[in-house]
Amino acid sequence: MIIIMKHGATRGEIDNIVARVEQMGCQVHLSEGEERTIVGIIGNGRPIDGEQFSRMSGVERAVPVLRPFKLASRDFHPQDSVFPINGVSIGGQQIIMMAGPCAVESREQLMSAAHSVKEAGAHVIRGGAFKPRTSPYSFQGLGHEGLKLLAEARQATGLPVITEVMAPEQVPLVTTYADILQVGARSMQNYALLHAVGESQRPVMLKRGMMSTIEELLMSAEYILSHGNNRVILCERGIRTFEPYTRNTLDLSAVPLLKQLSHLPVVVDPSHGTGRWELVAPMAMAAVAAGADGLIIEVHPSPETAMSDGAQSLKPARFAELMVSLRSIAKAVGRTI
Ligand code: PEP
Ligand code: MN
């Protein structure tokens, strides 16, 4: 349930509502906008009688929230969530570009990728140190060593880094090195991991599971938010369909839909979404046109020799060209990169 306060409701009136909600054993989520204040109520399982609130002073109306996600919903928080990540701000007017290799392979490879994406105008460096691979015989990532290299890349470029965390027990270690924690598609419903990143102090980018619905994605975001971390970024990275010509089917309708349902920033990953480098630029441009708040793109200095995801990785020069095209699309939709 949300209680929409009248224009100019006083502090005392708001406090009275909050006190009543707490008396009922429910949780309060306050959203104080420029226009008006919204008091969100997260129930304790028992039905809530909205009538009692409608009669209280300063209240315009009480509206039941029927969707299962609350903290993630736009009803609870009508304004877009905008938050800073080490010098860049996500969810606002600027579109945030995250780029780098699928996996950190060596110092030379990462530094080369990091400098080239920075040169092209990227805002965040991506690179996996712990890699969730389909085969146990594939390269699993450099682990702790990879995290140290990411920290070196941050030091060298001044850009924040995003990297995946695969297990709750890795959260303290990854948090030491990363500016943004990535929860991968395969981990979207690892509730112990969602709990752990929810208690961390880092922003989290939550990738949509390849077989997950939009509601399931938002419920996973709700786990992170309900453990106290309100810096959650949603990521559409393609879902599995019957189509074998692409690795996944990039669901771009998820972008405007998520923006409608939720206040959280939405990032698109056209690399995993298509699996083919030639499709990355067109889908990246379409994602910006559809209203994405950011993109995450795999860039490798030599995709032919990449230890993972070479087929979907852009060469640095192509990434730089893409950045130029994206700037004009961004301008056309009233944004900047
Ligand atoms: C990745 O970003 O490197 C990755 C493994 O992506 P996903 O979890 O979307 O498959
Ligand atoms: Mn990858």
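Visitor: Hi! Is Asp 309 buried or exposed?
Guide: Asp 309 is buried, with a relative accessible area of 18%. Bear in mind that this is a predicted model.

Visitor: Where do Cys 102 and Asp 309 lie?
Guide: Cys 102 is in the loop between strand E7 (96–100) and helix H3 (107–120), and Asp 309 is in the loop between strand E14 (294–298) and helix H11 (316–332), so the pair ties together parts that are 207 residues apart in sequence. Cys 102 is buried too, with a relative accessible area of 3%.

Visitor: How far is a polar side-chain atom of Arg 126 from an oxygen atom of ligand 1?
Guide: That distance is 2.8 Å. For Gln 182, a polar side-chain atom lies 2.9 Å from a ligand 1 oxygen, and for Arg 186 a side-chain N or O atom is 2.8 Å from one.

Visitor: Switching topic: how many residues does the largest nonpolar core have?
Guide: The core has 75 residues, and Met 97, Val 197 and Phe 319 are among those with the most contacts inside it. Helix H7 (residues 214–226) gives the largest share, 6 residues.

Visitor: Why does this core lie between domain 1 and domain 2?
Guide: Because domain 1 (2–63) and domain 2 (83–332) both give residues to it.

Note on methods
Residues numbered from 1 in each chain as written. Chains lettered and ligands numbered in written order. Predicted model: local features only at pLDDT ≥ 70, side-chain atom pairs only at ≥ 80, totals over all residues. Heavy atoms only, no water. Helix = DSSP H or I, 4+ residues; strand = E, 2+ residues; numbered from the N terminus. Buried < 20%, exposed > 50% of the residue type's maximum accessible area, 1.4 Å probe, protein only. Core = buried A, V, L, I, M, F, W, Y, C linked by side-chain atoms within 4.5 Å. Domains from an automatic or database assignment. Polar contact = N/O pair within 3.5 Å; in protein donor to acceptor, adjacent residues only side chain to side chain.
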